[in-house]
Every structure is written in C-alpha cells, then in structure tokens.
Amino acid sequence: MQQSNAYIITFSVILTVVLGLLLSGTSQVLAPIQKKAVELDTKKQILGAVLDAETISKMSSEEVLEFYDKRISSKVVDINGEEIEKDSDGNSIIAENVDIGKNFKRSPENRQYPVFIFHTEGNEDEIESIILPVYGSGLWDSIWGYVALQTDVTTIEGVTFGHAAETPGLGARITANSVQARFEGKQIFDGSGELVSVVMQKGEGKDYSGDPHKVDGLSGATITANGVNDMLKNYLSHYKEYLKSKKSTNNSEVASVN
Amino acid sequence: MSTETAQTTDVKQPSEALLSKRRKKFITDPLIDDNPITIQVLGICSALAVTTQMQPTLVMAISVIFVMVMANLTISLLRNTIPSRVRIIVQLAVVATLVTLVNEILKAFAFDMYKELSVFIGLIITNCIVMGRLEAFALGNKPYDSILDGFGSALGYSWIILAVAFFRELLGSGSVFGVPVYETISGLFGEEFSLATNGLMVSPVGAFIILGLIIWVQRTKTGYVEH
C-alpha cells in the first residue's frame with residue numbers, strides 16, 4: 001500500500017502531537033512527586049553521614065523527613081566562610097536545593113557551600129556534628145558524599161559516599177558501609193592546626209588505626225581512592241575558613257565557661 | 001503454505017478461546033524454543049549490563065514486559081493506518097514514548113531504582129527484541145494476539161536475565177535479592193568457615209560466562225543448531 005506524501009505528513013504530525021502531549025502531560029503530573037523523591041534522597045544521603053544505613057533503611061519516608069526537620073538545620077557559606085542568604089539575583093538560597101554537581105563546575109571562589117548542622121532535638125545551639133557535602137571525580141564519572149565532623153571540627157564522625165559509574169566490586173565499594181566506617185574517628189587537621197585531610201592509602205589490608213590521617217585503601221581501585229582523597233582534600237580546604245571560624249567560636253565558648 | 005491459510009481462517013472464527021492452543025504458543029514459544037536471548041541472541045547488551053543483582057533486574061524485566069505489551073498493542077491498533085514508508089520511525093516514536101513514561105514513573109515512585117537503572121531503561125528503546133516483534137508481528141496481526149506475542153517474548157527475555165542475575169548475585173555478592181546467603185551458610189558452620197565471593201561475576205564478563213552456559217545447556221537439551 002503506497003500512501004500519498006500528504007497522508008504521511010499528516011499522520012506524522014498527529015502522532016507527534018499526541019505523543020508529545022502524552023509525555024508533557026505525564027511530566028507535569030509527576031513533577032511534584034519526583035521533586036519530593038529527589039528531596040527525600042538528598043536528605044537520606046545527608047543523614048547517611050551521621051546515621052548508619054540500616055537505621056535509615058528502616059525508617060519510612062515520612063519518618064526520614066520528620067527526623068531531618070527536627071535534627072538538621074542548614075545554611076550556605078561562601079569560600080570565606082561567611083554565610084550567604086541570597087544569590088546574585090536576589091533569590092534566597094536553600095541549602096538543600098544547592099546542586100553540588102553544578103557548583104562543582106564553577107571556580108571554587110564562586111561556589112555556594114551548603115553546611116548541614118546536626119543538632120539535638122529542639123535545640124539548634126547544641127550541635128552534635130557538622131555535615132559537609134563533598135564532590136569530585138572518580139575513575140569513570142562523578143563521585144560525591146557527605147562528611148560529618150564532630151564539634152571539635154577535626155574528628156570525622158562519619159562519611160557517606162555515592163558514585164555515578166564506578167566499577168562494581170572495585171571502585172563502587174566506596175558506597176559500602178565497611179569502607180565508609182574506616183573514616184570514623186580520623187582527624188582532618190593535624191596538631192598545629194594545618195589541614196591535612198584523610199588519605200586512603202594504596203593497597204588494602206593494612207592497619208592504620210594508629211594514624212589519624214590515613215585509612216586503608218581499596219585494592220584494585222586506586223584511581224577511585226585517589227579521587228576520594230582529592231575530593232576530601234579539595235572540599236575540606238574550601239570549607240577551611242568556615243571550619244576555622246567554627247573552631248574559634250567553640251574555643252571562645254569553652255573559654256567563657258572557664 | 002497451507003498452514004498459514006489455516007491460521008488466518010482460525011483468526012476469523014469469533015468463537016476462538018481467549019487462550020486457544022494457537023494463542024498459547026505465542027507465550028510459550030519464546031520461553032524456550034524461540035527464546036529471544038538464547039536462540040535469537042537479541043537484547044544481549046542489557047542482559048549483560050543490568051544483571052549484577054536480582055532486584056534491579058526484576059524492575060528491568062517488568063519495564064520490558066510493560067513496554068513490549070503496550071508497544072505491540074499500539075502498533076497493532078494502528079497497523080492499517082501507519083504509512084509503510086515511515087513505519088520504523090513510527091515504531092521508534094511509540095517505543096521511545098513508552099520508555100520515557102516508564103523512566104518518569106520510576107523517578108517518581110522508585111527513586112532508588114531510577115538512580116540505578118535510568119541509563120538502561122533508556123536503552124530499552126534500542127532493545128532489538130522490542131523493535132523486532134513490532135516489525136515482525138504487531139504490524140500484521142490483531143491487537144489481542146499482538147499483546148500475547150509481546151508478553152511472551154518479554155517473558156522469555158525476563159526469565160533469562162533473572163536466571164543470569166540469580167547466579168551473578170549469588171556467586172558475585174553472596175546474596176539473593178539482597179538477602180545474604182553466604183553469610184547465613186557460613187554462620188551454620190561456625191566462625192572459621194567462610195565462603196569467598198567471585199569478583200568476576202560482578203563484572204560483565206561474569207554475565208557472558210553465565211549466559212554462555214545457559215545457551216549451552218539449553219541447546220544441548222533442545223538439540224537446536226544454527227543454520
């Protein structure tokens with residue numbers, strides 16, 4: 001059956017319009033639900049730095065949101081550690097909505113740096129830990145994570161990492177609890193107050209419990225491990241001014257109590 | 001071609017049972033004798049990529065079943081109006097729309113799965129099984145038969161990828177559907193006893209090996225030889 005060109009064109013136009021309407025309609029209907037799903041995912045990741053994965057997986061999505069609202073307050077700082085509330089267009093910035101990956105493409109001076117503060121229930125001043133997002137490159141694609149620091153602003157309370165496309169079984173192990181647990185209790189500043197970060201070593205299976213700045217590496221995934229090291233080093237140095245200000249306020253609080 | 005004429009007259013009988021013998025064959029044939037993966041060797045790319053764990057594989061299987069059934073239905077309904085010169089583009093547009101729908105729905109209701117599978121869901125568009133069935137069957141058959149055919153082929157694809165995923169997750173990660181099997185077994189024999197997982201199974205190479213073994217076993221049993 002050979003149809004005329006007019007028929008073919010009409011058919012194509014109608015098909016395109018129908019399919020287009022169908023797709024844009026669904027997209028419109030689902031957009032708010034998707035936005036919520038993304039928000040929940042972000043909040044779960046942030047909480048992942050201070051809670052273990054099992055606790056979070058047991059919580060329902062409402063419980064996660066409720067827990068987040070009660071225990072986390074957030075703000076955005078710039079490279080100098082000063083709080084910024086409005087972006088260049090005058091819109092107010094919400095820390096949870098800051099796209100770390102997009103910011104990663106800007107130069108470090110122009111990025112927005114969200115800070116999430118994990119506090120005791122109901123009291124925003126009683127800080128338990130400070131959660132900082134980190135972002136970098138692994139072997140194949142982006143890697144990211146959240147680092148929770150204790151109130152001394154140097155001891156790591158916990159970390160959580162995610163990745164886009166690291167090799168399963170090798171680099172992808174950065175998402176494993178056993179790997180993330182290696183960072184707990186490590187120090188990012190040395191005794192003299194210099195930022196040294198925490199570095200994954202080459203090879204795996206050695207005991208670094210005596211060294212506060214070294215953790216056991218990932219066998220077969222050295223490039224991913226190096227990516228994690230660079231990511232931590234970079235972002236912790238971007239947050240350095242903020243952390244230093246936190247440190248001095250903590251010290252002055254101690255001093256005033258004394 | 002006496003059999004074909006017999007079949008067409010068969011279709012025209014309004015009293016044909018919903019699951020007559022002829023229609024059952026649409027579903028059962030692709031499971032073993034005409035399996036899209038093991039016999040026709042189509043859709044291999046996603047079979048290799050998504051099968052490291054059972055759960056994403058199951059989601060993938062359900063998505064493919066949905067896309068194939070709906071695409072076969074749509075194309076079959078439109079089969080007399082689709083201009084033959086642009087039929088491939090029309091098929092592609094329908095499949096792409098369905099796949100995008102699946103992707104959007106996953107993003108809204110199963111975000112964890114979406115993060116893991118999104119790339120591969122998109123690749124359903126290029127899955128040769130889908131286009132193959134549209135071109136070979138849905139364009140020339142009635143809607144209900146086309147649904148059965150799409151369902152059968154998708155089921156044939158699904159059980160193979162689930163079987164591959166079962167062995168890859170069990171041997172590679174020591175678990176099934178995320179339930180730690182190896183740990184439980186080791187627990188039975190005391191602390192000294194432990195089973196080692198095979199890292200090869202987690203990489204695509206493992207899928208090739210498992211798939212090769214399945215094809216081997218199946219062809220030995222059915223005696224199928226490629227001509």
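Which residue stands opposite Ile143(A) in strand 4 of chain A? Gly136(A) does.

## About the model

This is a predicted model, in which local features need pLDDT of at least 70 and side-chain atom pairs count only at pLDDT 80 or more, while totals for chains, interfaces and linings use all residues. Residues are numbered from 1 along each chain as its sequence is written, and chains are lettered from A and ligands numbered from 1 in the order in which they are written.

## The sheet of chain A

Chain A holds an open sheet of five strands in the order 1-2-3-4-5, with antiparallel pairing. Strands (E, at least two residues) and helices (H or I, at least four residues) are DSSP runs, numbered from the N terminus. Two strands pair if DSSP finds at least two bridges between them. Strand 1 (72-77) and strand 5 (156-163) of chain A are the edge strands, each pairing on one side only. On average, neighbouring strands of this sheet are turned by 20° against each other, direction ignored; the axes behind such angles are lines fitted to C-alpha atoms, for helices over the stretch in contact, and angles run from 0 to 180 degrees between N-to-C directions.

Strand 2 (residues 113-119) and strand 3 (residues 127-137) of chain A run antiparallel and are joined by four bridges. In strand 3 of chain A, Ser129(A) is the bridge partner of Phe118(A), and Ile131(A) is that of Phe116(A). Strand 3 and strand 4 of chain A also pair in the antiparallel sense, over nine bridges. These two strands form a hairpin with four residues between them.

## Helix 6 of chain A

Helix 6 of chain A lies across strand 2, strand 3, strand 4 (142-150) and strand 5 of chain A, and runs at about 125° to strand 3. Helix 6 (residues 222-238) has 17 residues, which at 1.5 Å a residue should span 24 Å; the end C-alpha atoms are 24 Å apart, in agreement. The expected span is 1.5 Å times one less than the number of residues.

Buried residues of helix 6 of chain A include Thr224(A), Val228(A), Met231(A), Leu232(A) and Tyr235(A). A residue is buried if 20 or more other C-beta atoms lie within 10 Å of its own, exposed if 12 or fewer, and partly exposed in between, with C-beta atoms placed from the backbone. Seen down the axis of helix 6 of chain A, the buried residues fall within an arc of 160°, so they line one face of the helix. The arc is that of the directions from the helix axis to the C-beta atoms.

## Chain B

Chain B has 10 helices and two strands. Its C-alpha trace spans about 70 × 45 × 35 Å along its principal axes. Of the 227 residues in chain B, 36% are buried.

Gly178(B) sits in the loop between strand 1 (175-176) and strand 2 (179-180) of chain B. Gly178(B) is exposed, with 10 other C-beta atoms within 10 Å. Its C-alpha atom is separated by 32 Å from that of Thr97(B), 81 residues apart along the chain.

## Where the chains touch

In chain B, 19 residues are in contact (C-beta atoms, placed from the backbone, within 7 Å) with 20 residues of chain A. Helix 5 (residues 87-109) of chain B gives the most to this side of chain B, with nine residues.

Methods:
Contact = placed C-beta atoms within 7 Å.
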